[in-house]
Amino acid sequence: MKSVFGRSLAANSANFCGIALSSVYEKLFDNIVLFQFSDKLKTSQLQIGFKVKSSTNLCTFVLKEALSYYATNQSNVFCTFLDATKAFDRISYCKLFWLLLKRNLSTSIVRVLICFYTNNFVRVSWCGLFSEYFLATNGVKQGGVLSPVLFCVYIDDLLVLLLNTNIGRFIGNNYVGALAYADDLILLAPSASALCRMLAICETYAAEYCTSFNAQKSKCLVILSNACRYLRPLLLNNVSYVGGKLTDCVSSFPHLGHAITDTLDDEPDITKRLGNFIGHVK
């Protein structure tokens, strides 16, 4: 049964993604663009991914601090972890290059990027066999030096849009209603209705920018104040919808390698890290 299950996973194309093999010259060009035009490729503070002095640990820390702040103040938090299906592969070239021009990135640089991407031929490798070459018509190159930054630019307008709506959670004057690490997007709302409004904004943006959010992989986590604990059975059955489909409500979720629980208990995360440490020491 195990071997059959393993073969079924290997035969499912959804478990695979394309990895780009770039030349030395293209990697050098990407690094020059990042060095010379970092100000044009800068994203909002809500996007934590692929920035200097930031990490997945920092993103999870900000999330945990926000949840802890509201739990301490006896306030509800409705949290949705949004999963973007094949996020890097779905980027529309027309939208991406338009966003770069809107940021006043050098037209010469944009022309070179257009040349790289519109003449990008790929092929599929499967069990030692290779397909014919075909032209990639969308998506940034996974494994490319510049690709994660281009994706962050592509999705940044959604974060700014959510910020400008003032829907979601705040800590003082600081908006924490939407947090992102590249394509890992988290929404924090004070109520189920506010969360639905934020999800509607995300879906409208996704439709315009050729992105798709997966309801099956997206999860909802609800942290209720003591006064609202009796509502939990009702809320867990009808909280958030993605693409018209109800997302599962969970009591814990692995966010960027860290366990987030509805009780804000760090013990599962500490136990996992301790196990990893022991495994490396032995």
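Which residue forms a salt bridge with Arg-273? In this predicted model the partner is Asp-269, with the closest N and O atoms 3.9 Å apart. Residues are numbered from 1 along each chain as its sequence is written, and side-chain values use heavy atoms, with hydrogens and water left out. Because the model is predicted, local features need pLDDT of at least 70 and side-chain atom pairs count only at pLDDT 80 or more, while totals for chains, interfaces and linings use all residues.

**View 1. Arg-273 and Asp-269 within helix α9.** A salt bridge here is a side-chain nitrogen of Lys or Arg within 4 Å of a carboxyl oxygen of Asp or Glu; by this rule the count comes to eight. Arg-273 and Asp-269 are four residues apart in α9, about one turn of the helix. Helices (H or I, at least four residues) and strands (E, at least two) are DSSP runs, numbered from the N terminus. Arg-273 is partly exposed, at 37% relative accessibility, whereas Asp-269 is buried at 8%. Buried means under 20% relative accessible area, exposed over 50%, and partly exposed in between (1.4 Å probe, protein chains only).

**View 2. The salt bridge between Lys-64 and Asp-269.** The closest N and O atoms of this pair are 3.4 Å apart. Lys-64 belongs to helix α3 (residues 56-72) and Asp-269 to helix α9 (residues 267-281), so the pair links distant parts of the chain, 205 residues apart. Lys-64 is partly exposed, with 21% relative accessibility. A network of salt bridges links Lys-64, Asp-266, Asp-269 and Arg-273.

**View 3. The salt bridge between Arg-103 and Asp-156.** The two side chains meet at 3.5 Å, N to O. Arg-103 sits in the loop between α4 (93-102) and α5 (107-118), and Asp-156 in helix α6 (residues 147-165); these distant parts of the chain are 53 residues apart. Asp-156 is buried, its relative accessible area being 4%.

**View 4. The crossing of α6 and α7.** The axes of α6 and helix α7 (residues 192-208) come within 10 Å and cross at roughly 150 degrees. Axes are lines fitted to C-alpha atoms, for helices over the stretch in contact, and angles run from 0 to 180 degrees between N-to-C directions. On the α6 side, the contact (heavy atoms within 4.5 Å) is made by Tyr-154, Ile-155, Asp-157, Leu-158, Leu-161, Leu-162 and Thr-165. On the α7 side, Met-198, Ile-201, Cys-202 and Tyr-205 take part.

Note on methods. A crossing is left-handed if the near helix is turned anticlockwise from the far one by less than a right angle, and right-handed if clockwise.
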